[in-house]
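Me: I'd like to learn how to read a protein model. Can we go through it one feature at a time?

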Amino acid sequence: MKLYIADRAPGPLVSKRLFAAKNIDVDLHMVDMNNKENRSPEFLKLNPTGQIPFLQLDDGQIIAEVTAIAEYLEELKPDPVLVGTTAAERAATRMWMRRVDLKVIWSMGMGFQHGNGAGLFADRIPIHEEISAPAQAIASEGMAWLDQQLEGHSFICGDAIRYVDIVFYGFVSFFAKVSQPIDPELLHLSGYMQRMSEHPFITSVK
């Protein structure tokens, strides 16, 4: 297997942490985003979205999107469990992944791409500066909502860490540094982010 990644991007770091958590070896291919390698015809034949990370299997099949990669790795090596041991637990993980993606991660990403990060993306995607502030407002509302849900829970799905935690922490910690800091008054969310920052699944890959 070959994992296509790039420096300083949150998605590739998340994917590397997923592989490390599963203790699965993978060949890494560094994509030169500065020179727009991910927009080249050769790259787009592999992944037409032009995004990273993506996984190329030994038979040439492509698996993109970090959640799809997480699900694939779970099928490949169920131990340690990162989706769930029962149908209900697996459904809950997928439910929460969908919730935090829609309520927080996607909006933070849009706020960055069309705001502080517009200079990086201007010649790669259409930029709509007017959506940055509303997107960040939606993300703030989502984080406030999640803060309430985290009360009394160590992780997003309860007391057991799941891949949703690795994905959420990776993206949100990145966007918190570059464009939208987490409100320190969100005590449950702030405590969760601190716990995640100290978890071996996170500290093992920087």
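Me: Which residues of H3 are buried?

Reply: Some ground rules come before that. This is a predicted model, where local features need pLDDT of at least 70, side-chain atom pairs count only at pLDDT 80 or more, and totals for chains, interfaces and linings use all residues. Residues are numbered from 1 along each chain as its sequence is written, and side-chain values use heavy atoms, with hydrogens and water left out.

Helices (H or I, at least four residues) and strands (E, at least two) are DSSP runs, numbered from the N terminus. Buried means under 20% relative accessible area, exposed means over 50%, and partly exposed is in between (1.4 Å probe, protein chains only). In H3, the buried residues are Val 66, Ile 69, Ala 70, Glu 71, Leu 73 and Glu 74.

Me: And what do the buried residues of H3 pack against?

Reply: For this we look for contact, meaning heavy atoms within 4.5 Å. The buried residues of H3 pack against the strands E1, E3 and E4 (62–64), and against the helices H1, H4 and H7.

Me: How do I read the way H1 and H3 pack, say their angle?

Reply: Under 35 degrees counts as roughly parallel, over 145 as roughly antiparallel, 65 to 115 as roughly perpendicular, and the rest as oblique. Helix H1 (residues 10–22) packs on H3 at about 10 degrees, with the axes 10 Å apart, so H1 is roughly parallel to H3. On the H1 side, the contact is made by Gly 11, Val 14, Leu 18, Phe 19 and Lys 22, and on the H3 side by Val 66, Ile 69, Ala 70, Leu 73 and Glu 74.

Me: How do the residues of that contact divide into nonpolar, polar and charged?

Reply: Ala, Val, Leu, Ile, Met, Phe, Trp, Tyr, Cys and Pro count as nonpolar, Asp, Glu, Lys and Arg as charged, and the others, Gly among them, as polar. For H1 with H3 you get seven nonpolar, one polar and two charged.

Me: What about H3 and H7, at what angle do they pack?

Reply: Here helix H3 (residues 66–76) and helix H7 (residues 163–178) sit at about 150 degrees, axes 10 Å apart. That's why H3 counts as roughly antiparallel to H7. H3 gives Val 66, Thr 67, Ala 70 and Glu 71 to the contact, while H7 gives Tyr 163, Val 167 and Phe 171. They divide into five nonpolar, one polar and one charged.

Me: How many aromatic pairs are there?

Reply: Rings of Phe, Tyr and Trp (its six-membered ring) pair if their centres lie within 6.5 Å; planes under 30 degrees apart count as stacked, over 60 as edge-to-face and the rest as tilted. That rule gives eight aromatic pairs. Tyr 4 and Phe 54 make a stacked one, 4.3 Å centre to centre with 15 degrees between the planes. Tyr 4 is in strand E1 (residues 2–5) and Phe 54 in strand E3 (residues 54–56), so the pair links distant parts of the chain, 50 residues apart. Tyr 4 is buried at 7% relative accessibility, and Phe 54 is buried at 0%. Ring pairs also join Phe 112, Phe 171, Phe 174 and Phe 175 into a cluster.

Me: Which peptide bond near Pro 53 is cis?

Reply: Most residues other than glycine have a negative phi, and most peptide bonds are trans. The bond from Ile 52 to Pro 53 is cis, with omega near 5 degrees. Pro 53 lies in the loop between helix H2 (41–46) and E3. Another cis bond joins Asp 79 and Pro 80, with omega about 0 degrees, and Pro 80 is in the loop between H3 and H4.

Me: What is the phi of Arg 8, and is Arg 8 buried or exposed?

Reply: Arg 8 isn't a glycine, yet its phi is positive, about 65 degrees. Arg 8 is in the loop between E1 and H1 and is exposed at 66% relative accessibility. Asn 23 also has a positive phi, about 55 degrees, and is exposed, with a relative accessible area of 63%.

Note on methods: Axes are lines fitted to C-alpha atoms, for helices over the stretch in contact, and angles run from 0 to 180 degrees between N-to-C directions.
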